[in-house]
Amino acid sequence: MKRPLILLCALSTAFAAEKISTPIENDQVKVLNVVVQPHEKTRLHQHKVNRVMVYLNAGQQTFEYADGKHSALTFKAGEVKWSPADGMHIAEVVSQNPVNIIEVELKKPESGHPAAGALDPVKVDRRDYKVILENDQVRVLRVKIAPHQSSPMHQHSLNRVVVYLTDQNFRVTGADGKVETSTHKAWEVSWGAAAKHSEQNMSDTPFEVVVIELKD
């Protein structure tokens, strides 16, 4: 009868060797900002929902599963990976430096809701918006906008998680003509609802961001 309690304790302390915060949580996602120290193993734990992983710096991880299987993962700075729900395992960063990961846990099941529309940014701004991952739960975009370059009027039809890989200093013009300034620091995370706007990068440096659209 005590086994469920033991498992719960293992899950709640899975990240005891890590620094972890939760910048966003709502009915669609739980977003974790995790800093993992090298060569410090997690406790035995599992992930019960699918996730999108955004690796903010390069590194390597190994995984030891309860059934005896082993696997390894190598990732680059800014790389995005799909991580399906997984069984009980222990993870360890085996590269030399700490690793910062944005983990987007998907609370809702697959729906396949279409992300595209007449003003889908991937259609109207193919230069800057690229699809890097898509399935029935998410569409993930990588957006790169050059210094002082503008993106034409486009529409985000789905709620989204935005992970900033560089600083942002944008002039944003809504469909109603209202102008606002949007600023964020590199490695910040924000929540975005449906919106229709054009954008201009006001900075002297390139802008890069990962956008995780939620198909619910």
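Mentor: Happy to. A salt bridge here is a side-chain nitrogen of Lys or Arg within 4 Å of a carboxyl oxygen of Asp or Glu. This is a predicted model, so local features need pLDDT of at least 70 and side-chain atom pairs count only at pLDDT 80 or more, while totals for chains, interfaces and linings use all residues. Residues are numbered from 1 along each chain as its sequence is written, and side-chain values use heavy atoms, with hydrogens and water left out.

Trainee: How many salt bridges does the structure hold?

Mentor: Eleven. One of them joins Arg51 and Glu103, with the closest N and O atoms 3.0 Å apart. That pair links distant parts of the chain, as Arg51 is in strand β4 and Glu103 in strand β9, 52 residues apart. Strands are DSSP runs of E with at least two residues, helices are runs of H or I with at least four, and both are numbered from the N terminus.

Trainee: Is Arg51 buried or exposed?

Mentor: Arg51 is buried, at a relative accessible area of 7%, and Glu103 is buried too, at 5%. Buried means under 20% relative accessible area, exposed over 50%, and partly exposed in between, using a 1.4 Å probe and protein chains only.

Trainee: And which residue does Lys107 form a salt bridge with?

Mentor: Glu25, with the closest N and O atoms 3.1 Å apart. Lys107 is partly exposed at 38%, and Glu25 is partly exposed at 49%.

Trainee: Switching topic: how many aromatic pairs are there?

Mentor: A search of the whole structure finds three. Rings of Phe, Tyr and Trp (its six-membered ring) pair if their centres lie within 6.5 Å; planes under 30 degrees apart count as stacked, over 60 as edge-to-face and the rest as tilted. Tyr164 and Phe207 have ring centres 6.4 Å apart and planes at 55°, so that pair is tilted. Phe170 and Phe207 are also tilted, 4.5 Å centre to centre with 55° between the planes. Ring pairs link Tyr164, Phe170 and Phe207 into a cluster.

Trainee: Last one: which residues touch the most other members in the largest nonpolar core?

Mentor: Val104, Val161, Val163 and Ile212, out of 20 residues in that core. A nonpolar core is a set of buried Ala, Val, Leu, Ile, Met, Phe, Trp, Tyr and Cys residues joined through side-chain atoms within 4.5 Å. Apart from that core lies another, of 13 residues, including Leu32 and Tyr55.
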